[in-house]
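This briefing is meant to be read with the sequence and the coordinates side by side. It covers charge, overall build, aromatic contacts and a few individual residues.

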Amino acid sequence: MIRNSILWVCLAFISTITWAQKTTTITVETLSNTVVFQTDAQSHLRTIYFGKRLKNKEELALIETQNNQRDVNAGIYNSIYTPSGSWNMLEPALHIVHADGNTSTDLIYESSTSQKENENVILTTIVLKDPVYQTEAKIFLKAYYQEDVIEQWTEIKNTEKGAITLQKYASANLYLNSQKFYLTNYLGAWGREMRPEEVALTGGIKVLDSKLGTRTNLYEPPTFMLSFNKPSEEDQGDILLGTLGWSGNFKIDFEVDSYHNLRVIAGINPHASAYPLASNMVFKTPSFIYTLSHQGKGLASRNLHRWARKYRILDGTGDRLTLLNNWEATYFDFDQQKLTNLFKDGKKLGVDLFLLDDGWFANKYPRNDDTAGLGDWEENRKKLPDGLGYLIKEAQKTGIKFGIWLEPEMVNPRSELYEKHPDWVLKQPQRPEHYFRNQLVLDLANPKVQDYVFGVVDHLFTKNPALAFIKWDCNAVTFNAHSTYLQTKGESQGKFYVEYVKGLYSVLERIRAKYPKVPMMLCSGGGGRVDYEALKYFTEFWPSDNTEPLERIFIQWNYSHYFPAIATCNHVTDWGKQPLKFRTDVAMMGKLGFDIVVEHLNKDELAFGQKALENYQKLKSIIWYGDQYRLVDPYKNDVASLMYVDENQSKAVMFNYLVSNRFELTATPRPIQMKGLNPNKRYKVEEINLFANTASTLNNSLIFSGDFLMTVGYNPEVNDKRTSVILTIDEVK
C-alpha cells in the first residue's frame, strides 16, 4: 500500500540540505533503497551512498564522515557523471570535443529539482554545467517507489556557438561500494541465447558491448547482474539487476578502481558514433534501468517484472492471444488451400489466432526461400490468388483471428524494392556488398525509408482492418554501415547508428499512434533485439528460434531474471525428443503458442493439447501477472522448478522438469520448498496436464498449510517416467 501522500513526499521528495557552506546533498529514495549525492569543495557532485534505506534520515549527514578515502584525488572516482580530459583519470561517462577543438570537459553542480508524477513515481533532475563552455549535462533519475526501480538517463545540451562532437555520451554512471563484486553477463548466438557467465571483477575494466547495429543482442544483451561480496544467490545477498533500454549498439563498462570500488558506465556504444551536436541542440540518451535487492536475485526479478508490466511493456497488464504458427509446419511451401486447412486445425486445437509466417509475398522475385522477395510486400498471386483479405475472412469463419509476419527493415538484392531504390540500402561506396542471411538493411536514418516502412504496415491494416497480430522480424546485422542519405545531406556518418534506431522508434511511434491496440511480437531471429525501449511498442518478444524444450528451460530461466512471463513467447514445436506433454508444459511458462502440424497428432495427443489449452486459460492470469519464484536451479540440479503466485496468495502454479537423465532418477530425491505463499493459509495441491487415462501418482486430497509447503516442501515426484509435472496450488477456505 502506498503511504500517506504527505509522508511519501517527506520520504521520496528530493531533499537538498546544507551540511556546510556550499555543500549540497541530494537524496533519491525508493521503498528499500537510498541514493545520496553530495557536492565537494569544488562543486563536483559525487555519489556518496547507494544502498539500503536508513531508518533515521538525519544520519545521512554522517555518511561522508565514514569515508576513509583520503587520497587527494579520491573525489574523482565517485562522480555522478564523469567527464573526460580535465581532472578525471578513469573511464569517462562523457567525452566532448568542443567547438574550438578543446577535448576537456568539467561538470559543476548547478541546480536540482523534483517532480512528483503520481503517488508512486518521482522524477529528480540534476543540472551540471561546464564552467568554461557552459555545456550542460542534465541527469534524470525516475524513482519507482514500490518497485525499487530507478530509471536514469541524461540530456546533453550544446550552448556553444558552434557544433560540438559527442565522442562518448553514457546514460548513467553508477558508483558502488563493496569488498568484492561478481558480474553475471550473458553470451550467445543464434539458438544459444542468454548463456550466463559469472565472474569476479578484478582491477581494470570489463566491457559488455555490441557493434552489430540491428539485431544487436545476438552475441550479448545489454543486461547484467551484479552480486556484492559473494556470488549471486536466489534469496540472499545484495543483487543489482541492470539493463539498457536501447535497440542499437551499446557499451557497459565495469571499472574496479584502486580503492576496490566499482564504477558502472552504461549507454550507447561510441564505436563509429562520434555524434555532432549543433548549437542549442539537446541529445537525450536512452534509459538505464536498475533495481537493487537485499534479498537475492529472486526479489530483484520480481521488482523488475512488476515495474515492466505496469510501466513499460505495451499493454503489460492486458490480455494475450494463443496462436498456431505455420512456419515449422510448412516453411515456405504452402498455398491458399493448405493454409485454410491449418485454420481448421487451429480451431480444433483451441487457439485464438493463426499466424502466417514468412513466404506469403513478392511476385517478380517470389519469396519461395530466403534469397529473394524481401521488400516487395504484396501478396504472392500464385500462392494466395485471393489475397490476404480472403484468408482473414476464412479464418474468421473458422472462429479464429489472423496475424501475419513482416520483416520491413530488410531487403533482398533480388527484389523490386532494391532495383527501384538502391539508395535506400545500407552499403559502402566502392566496396562489395556483404550479406547476412542473403539480405541487406534499409537505411532508417532516411525519412523516406521511414515513411516506406510505416506504409508497409499501414497499407496492410488499411486494406485488411481485421488483421489481428504482427510478428515483426529482424534477421540481419548491419553490414555495409554507410548511409547514402546522410552523405547526400552532408552529415557525418558518425550519426548513423544512432539515427537508425531513432528512425526505427519514429516508425513504431507512428504505428502505435494509429494502431495502439494491435498485438505485436518483437522477433529478431530469436532474441537478437530484446530491450525495454523496444518493448514500449511490442506486447511480447521471441526469446530464441531454439524451441528444443530442454534448451528452452534454460533460455527461459535466464530471461526470467529480467522479463516477465507475459512478454515471453513460448511455442510448442516438434524440436527435441521429449513427448508432447513435456514440450507443452515448458511452453506454458509464458505466452503460449503452437508451431506443429495438428493433423499429425493422434487422438490422445489432440485431446491432451485441447485440455492443456483449457488449463492454460484458467492459469494464464497467475503466470502473466503473478510473482515468479525460481525454486530449483537447473544449472545445479537434475530438476528445474519454478512457480507463480497470484497477488492474493490464494492461487499458484508450479512447473517441474527433469533436465538431466544421465542416470535413472526414480523420483525427485527430496521435497521442493515452495515460496510466496501465505504461511497461515491452507492449500490443496493438484497435478494437471495429464493425458487421458493417466493417473497422477500424487495424493490430490491432502490439504497443507502454506507454512508446511514453504518449510518442509512438496515432492512432485519427477522421474524418468514423469519428466514434467505441473501442480496447481489453491487456497482452501
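The protein carries 82 positive and 86 negative side chains, and the centres of these two sets lie 2 Å apart. The model is a predicted one, and the values that follow should be read with that in mind. Its accessible surface comes to about 28,200 Å², and 50% of this area belongs to carbon and sulfur atoms.

**Overall build**

- The secondary structure of the protein comes to 13 helices and 36 strands.
- The radius of gyration is 27 Å, close to the 27 Å that the globule rule gives for 733 residues, so the protein is as compact as a globular protein of that length.
- Taken along the principal axes, the C-alpha atoms fill a box of roughly 80 × 70 × 50 Å.
- Of the 733 residues in the protein, 62% are buried.
- Among contacts with a separation of 6 or more, 68% are between residues 24 or more positions apart.

**Aromatic pairs and a cluster**

- The structure holds 43 aromatic pairs, and one of them joins phenylalanine 50 and tyrosine 290 in an edge-to-face arrangement, with 6.0 Å centre to centre and 75° between the planes.
- Phenylalanine 50 lies in strand E4 (residues 45-52) and tyrosine 290 in strand E20 (residues 287-293), so this pair ties together parts that are 240 residues apart in sequence.
- Both phenylalanine 50 and tyrosine 290 are buried.
- Tyrosine 644 and phenylalanine 655 also form an edge-to-face aromatic pair, for which the values are 6.1 Å centre to centre and 85° between the planes.
- In that pair, tyrosine 644 belongs to strand E32 (residues 639-645) and phenylalanine 655 to strand E33 (residues 651-658), the two residues being 11 residues apart.
- Tyrosine 644 counts as buried because its relative accessibility is 2%, under the 20% limit for that class, and phenylalanine 655 is likewise buried, with a relative accessible area of 0%.
- One aromatic cluster is formed by Tyr144, Trp307, Tyr311, Tyr532, Phe541, Tyr559 and Phe563.

- Most residues other than glycine have a negative phi, which is the background for the next two entries.
- Alanine 272, although not a glycine, has a positive phi of about 55°, and its place is in the loop between strand E17 (262-268) and strand E18 (275-277).
- With a relative accessible area of 47%, alanine 272 is partly exposed, because this class runs from the 20% limit for buried residues to the 50% limit for exposed ones.
- Asparagine 438 likewise has a positive phi, near 65°, and this residue lies in the loop between helix H6 (416-420) and strand E25 (440-441).
- The relative accessible area of asparagine 438 is 34%, so this residue is also partly exposed.

**Surroundings of leucine 417**

- Leucine 417 is placed in helix H6, and at 7% relative accessibility this residue counts as buried.
- Leaving aside residues up to four places away in sequence, leucine 417 touches Gly375, Asp376, Val411, Trp424, Leu442 and Tyr452.
- Leucine 417 and tryptophan 377 are 40 residues apart in sequence, while their C-alpha atoms are 9.5 Å apart in space.

Terms used: Residues numbered from 1 in each chain as written. Heavy atoms only, no water. Helix = DSSP H or I, 4+ residues; strand = E, 2+ residues; numbered from the N terminus. Rg over C-alpha atoms; globule rule 2.2 N^0.38 Å. Buried < 20%, exposed > 50% of the residue type's maximum accessible area, 1.4 Å probe, protein only. Contact = heavy atoms within 4.5 Å. Areas by Shrake-Rupley, 256 points an atom, 1.4 Å probe, with all protein chains shown as cover. Lys, Arg positive; Asp, Glu negative; His and termini not counted. Charge placed at Lys NZ, Arg CZ, Asp CG, Glu CD. Phe/Tyr/Trp six-rings, centres within 6.5 Å; stacked < 30°, edge-to-face > 60°.
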